[in-house]
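Welcome! Please take a look at the structure below, and then we can walk through some of its features together.

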Amino acid sequence: MSGIAEGWVRWPDPVAEGYRSRGWWAGTRLETVIAARAREQPDATAVTDPSGRWSNARLAGAVERRAAGFAGTGLVAGDRVIVQLPNDAEFLVTFLGLLRLGVAPVLALPALRTAELVHLAETTDAVGYVAPAAHLGTDHRVLADELRERCPGVRQVFLAGADGGPGTTPLADVDAAPLDLPARGADEIAFFLLSGGTTGLPKVIARTHDDYLHNLRHSAAAAGLAPGEVFLAVLSVCHNFTLGCPGVLGTLWTGGSVVLGGPRSPDECADLLAPHGVSYTAVTPPTVAGWLDRVAERGVTAPALRAVQVGAAKLTPRLADRIRAELGAAVQQSFGMSEGLLLQTTSGDPHAIARETQGVPVSPGDEIRLVDADDVDVPDGTEGHLLVRGPYTIRGYYRAPDHDRSAFTDDGFYRSGDLAVRRPDGRYVVTGRAKDVVNRGGEIVSAAEVEEHLRRHPGVRDAAVVAVPDERLGERTCAVVVPEPGAPPPRLPVLRRHLRERGVAPFKWPDTVRVVPDLPRTALGKTDKTALRAGLARPRRTQGDPCSSTGPTTT
């Protein structure tokens, strides 16, 4: 593929120039969004978090001081820093401050642990790590020590909330008097996101200022965001969905304000709706199902809530109807990916459309193909593999040329791994995944990655991971394991402890375990996941059943 510079696959020059000439790439850097708001409405609220209210002027000033402070620690433009912060104003100050300096944040979800963090550091050559000292029972000081031990290039650790001891810098001590920093272009890498990790550890995604501003501008238009909107960030702001689809950045760009949920669980964030006058939010189906339970049990109200954006996992029509009836809010479906493409229903769509479809591409520059197994386009109404290219969809993963050969076509279309149908009215219905993953309430679990870790357990001869239906999560993770001859059937607590010791994020741990004498195989000798799923869906009868258990099923 052309355009590879230090592992980054750029858009071909003629394509990029076309995007600029159409105004799809505006030449605007992301950190300038809050600076513009501060000039126009300095006293208006930008962010509310557990620490209180931040005006546009206060946030913009904090960003400048954080950028200067990072410069004083030795960070320079072109560096990369892993950022693993919770939903509070410190995230925005840090994220935008790094952008202001020209340092690219590598956004790490709070649930990631040593194995994933090491992978990110090695892939991006990260020189720093920013995290809370502790968050939701996790001691990030321990994670930081493990990361530095395995990745000597991570020379600086910044901790929020406490002094982490020798070799770390309290984030509160970083800030310095603003510097006259040089202007930088919008066509450079702004930050890094992670893929869903469909084949082992997650792939790294480089997003530019140009393409991501297009992302948030057009998703904000689809959502009908207007000045004065109040957006509640429930899911991690390190996630693409919450950050800019339109999310936090899209709300700030349109002149609204953001409420950051802080350390609360997504379910508990329902209590923030009424006090803050929240008008718009983005959630997964399991989160909104929890909200509806709180509405029924505790009488939680949301008088200002006009719309609920639901994504990251399949929304059932029944749950969509409950949102409309019990929260009194419109439903906006959002199907997206960190690689780029966003399909969304719009603020003008009737409920019947929002409950049944994932809508249309948000950008006029999106090019979508639905193809069969031979890459032949299929007609409307026929399920096909979803391929996409456009002004905010990457042309290649970061430093993954071998994977890119199968993930992208020769003419730049991204093979998303999703299956979809285009209706005659032009709207899309996403029907499933062609890739081997579990979508556990919006968290994408790579079967291949977990299988590899399970096979390292001394009592496991072979393992397969498959999705099983779950009413609340959509899917949960079942590990089907073959024990070593003579070894006792490995139970769920044992396997979870093994994964924890290997530094695997808890959301990837199996929810259930099925022990079998052998795994079913295809004619080519590969694990027959179709047979496994079918066996798990029916009652176990005999040991001859490919999914019967030689020991207890553990949950």
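This is a predicted model: local features need pLDDT of at least 70, side-chain atom pairs count only at pLDDT 80 or more; totals for chains, interfaces and linings use all residues.

Residues are numbered from 1 along each chain as its sequence is written, and side-chain values use heavy atoms, with hydrogens and water left out.

Two packed helices are described by the angle between their axes and the distance between the axes. For helix H3 (residues 56-72) and H4, the axes come within 8 Å and cross at roughly 60°. Axes here are lines fitted to C-alpha atoms, for helices over the stretch in contact, and angles run from 0 to 180 degrees between N-to-C directions. Helices (H or I, at least four residues) and strands (E, at least two) are DSSP runs, numbered from the N terminus. H3 passes H4 in a right-handed crossing; a crossing is right-handed if the near helix is turned clockwise from the far one by less than a right angle, and left-handed if anticlockwise. On the H3 side, the residues making the contact include Leu 59, Ala 62, Val 63 and Phe 70, and on the H4 side they include Leu 92, Val 93, Leu 96 and Leu 101. Contact means heavy atoms within 4.5 Å. Sorted by class, this contact has 11 nonpolar, 2 polar and 4 charged residues. In that sorting, Ala, Val, Leu, Ile, Met, Phe, Trp, Tyr, Cys and Pro count as nonpolar, Asp, Glu, Lys and Arg as charged, and the others, Gly among them, as polar.

## A second pair: H10 and H11

Now try helix H10 (residues 285-298) and helix H11 (residues 317-327), whose axes come within 11 Å and cross at roughly 40°. These two helices are therefore also oblique to each other, and H10 passes H11 in a left-handed crossing. From H10, residues including Val 288, Trp 291 and Leu 292 meet residues of H11 including Leu 319, Ile 323 and Leu 327. The residues of this contact divide into 9 nonpolar, no polar and 3 charged.

## The nonpolar cores

Which residues touch the most other members of the largest nonpolar core? They are Ile 82, Phe 91 and Tyr 129, in a core of 158 residues. Helix H4 (residues 89-101) gives the largest share of this core, 9 residues. A nonpolar core is a set of buried Ala, Val, Leu, Ile, Met, Phe, Trp, Tyr and Cys residues joined through side-chain atoms within 4.5 Å. Buried means under 20% relative accessible area, exposed over 50%, and partly exposed in between (1.4 Å probe, protein chains only). There is also a second, separate core of 10 residues, with Val 468, Leu 519, Leu 532 and Leu 536 among them.

Leaving aside neighbours within four places in sequence, Ile 82 is in contact with residues including Val 106, Leu 117, Tyr 129 and Leu 147. Val 83 sits in strand S5 (residues 80-83) and counts as buried because its relative accessibility is 0%. Beyond four places in sequence, the contacts of Val 83 include Phe 91, Leu 98, Val 106 and Cys 238.

Gln 156 is found in strand S10 (residues 156-160) and is buried, with a relative accessible area of 13%. With neighbours within four places in sequence set aside, Gln 156 is in contact with Thr 73, Leu 75, Val 127, Gly 128 and Tyr 129.

Trp 8, in strand S2 (residues 8-9), is buried too, at 8% relative accessible area. Trp 8 and Gly 396 are 388 residues apart in sequence and 7.3 Å apart in space, C-alpha to C-alpha.

## Backbone details in the loops

The peptide bond from Cys 245 to Pro 246 is cis, with omega near 0°. Pro 246 belongs to the loop between helix H8 (240-244) and helix H9 (247-253).

Asp 375 is not a glycine, yet has a positive phi of about 65°. Look for Asp 375 in the loop between strand S21 (367-371) and strand S22 (384-389), where Asp 375 is partly exposed at 28% relative accessible area. Arg 399, not a glycine either, has a positive phi of about 55°. Arg 399 lies in the loop between S22 and helix H13 (401-407) and is partly exposed, with a relative accessible area of 35%.

How values were computed. Angles under 35 degrees count as roughly parallel, over 145 as roughly antiparallel, 65 to 115 as roughly perpendicular and the rest as oblique.
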